[in-house]
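Please look at the sequence and the structure below before reading on.

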Amino acid sequence: SLDQIGPFGTTVEDVEAVYKIISGHDPLDSTSLPNDLRKTAISPLKKIIGVPASFIARPGIDKEVLENFNVTIEKLKASGHTIKEIEVNQLEKALSVYYILMFAEVSSNLARYDGIRYGLSHPGETSIRSYFESRTNGFGPEVRRRILLGTYVLSSGYYDAYYNKANLVRDMLKKEFARVFTDVDVIATPTSPIPAFLIGEKSSDPLAMYLADIFTVPVNIVGVPAISVPSGKTSSGLPLGIQFIAPHMREDMLFTYGAEVERLY
């Protein structure tokens, strides 16, 4: 339920061109929204950007990331946009909700890869041994970690405590985002709390890797569109980005605001 398609492009215009090709109803795709449910009238921009300031200025965010975000917001303000501080009460729980739901879905979805019906088949002395060895050799350490954690949160005695509660908070987040979008065009956050890290740098610390998703996972939980646009670089030359989150069916806002940040940089 957290999967979504997302094109990459050199410019916002490139991404918009690809979006126009892949959007629309596909009768052979059950996850594709029928055209009669799509908004026919597009309301004009309010030119109001919502910023969850207390959520962004958090312990652990890199100093240069925060400075770059604030500078970008000031540039947008100077170009005629209104910046409105917003509160999304359940946003702090988004990362926890995401990883509970994602682990559970990974565990359930990958159960089919048993070496008999699907996936790598690794012969063993017994059928159960073959099952164990096929899954051990067929999945890497991170996938195995996610399967184990997902199986745990779905197990008897923990299902209600973790999975059901995560779904309840997910619904609360959807309602809060819907409320916020009645007052603002988009929500702006940094794309990541830290600059890019070296390949393998955090392999031994999966929790640190998971925390790097804190600004982007709410989008997947709520199911709304978002875009990440380059917004400069760190003093050492690492790229930085700003993320805009829009209401359902308002990708046009993302392209408008994304193109504006491109002009600023």
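M249 counts as partly exposed because its relative accessibility is 26%; buried means under 20% relative accessible area, exposed means over 50%, and partly exposed is in between, with a 1.4 Å probe and protein chains only. The phi angle of M249 is near 70 degrees, a positive value in a residue other than glycine. M249 sits in the loop between strand 5 (239-245) and helix 10 (251-264). Helices (H or I, at least four residues) and strands (E, at least two) are DSSP runs, numbered from the N terminus.

K47 also has a positive phi, near 60 degrees, and is a residue other than glycine. K47 lies in the loop between helix 1 and strand 1 (48-51). With a relative accessible area of 34%, K47 is partly exposed.

## Source of the model

This is a predicted model, in which local features need pLDDT of at least 70 and side-chain atom pairs count only at pLDDT 80 or more, while totals for chains, interfaces and linings use all residues. Residues are numbered from 1 along each chain as its sequence is written, and side-chain values use heavy atoms, with hydrogens and water left out.

## The chain as a whole

The chain has 10 helices and five strands. Its C-alpha atoms fill a box of roughly 70 × 50 × 35 Å along the principal axes. Of the 265 residues in the chain, 37% are buried.

The chain exposes about 15200 Å², and carbon and sulfur atoms supply 57% of this area; accessible areas come from the Shrake-Rupley method with a 1.4 Å probe, and for residues only the protein chains shown count as cover. Among contacts (heavy atoms within 4.5 Å) between residues at least 6 apart in sequence, 71% join residues at least 24 apart.

## The nonpolar core

The largest nonpolar core has 58 residues, and those with the most contacts inside it are L173, F177, I187, I242 and F244. Helix 4 (residues 94-109) gives the most to this core, with 10 residues. A nonpolar core is a set of buried Ala, Val, Leu, Ile, Met, Phe, Trp, Tyr and Cys residues joined through side-chain atoms within 4.5 Å.

Which residues does I242 touch, not counting residues up to four places away in sequence? Among them are F69, I73, A188, I227, V229 and V261.

## An exposed isoleucine

I21 lies in helix 1 (residues 12-22). At 70% relative accessibility, I21 counts as exposed.
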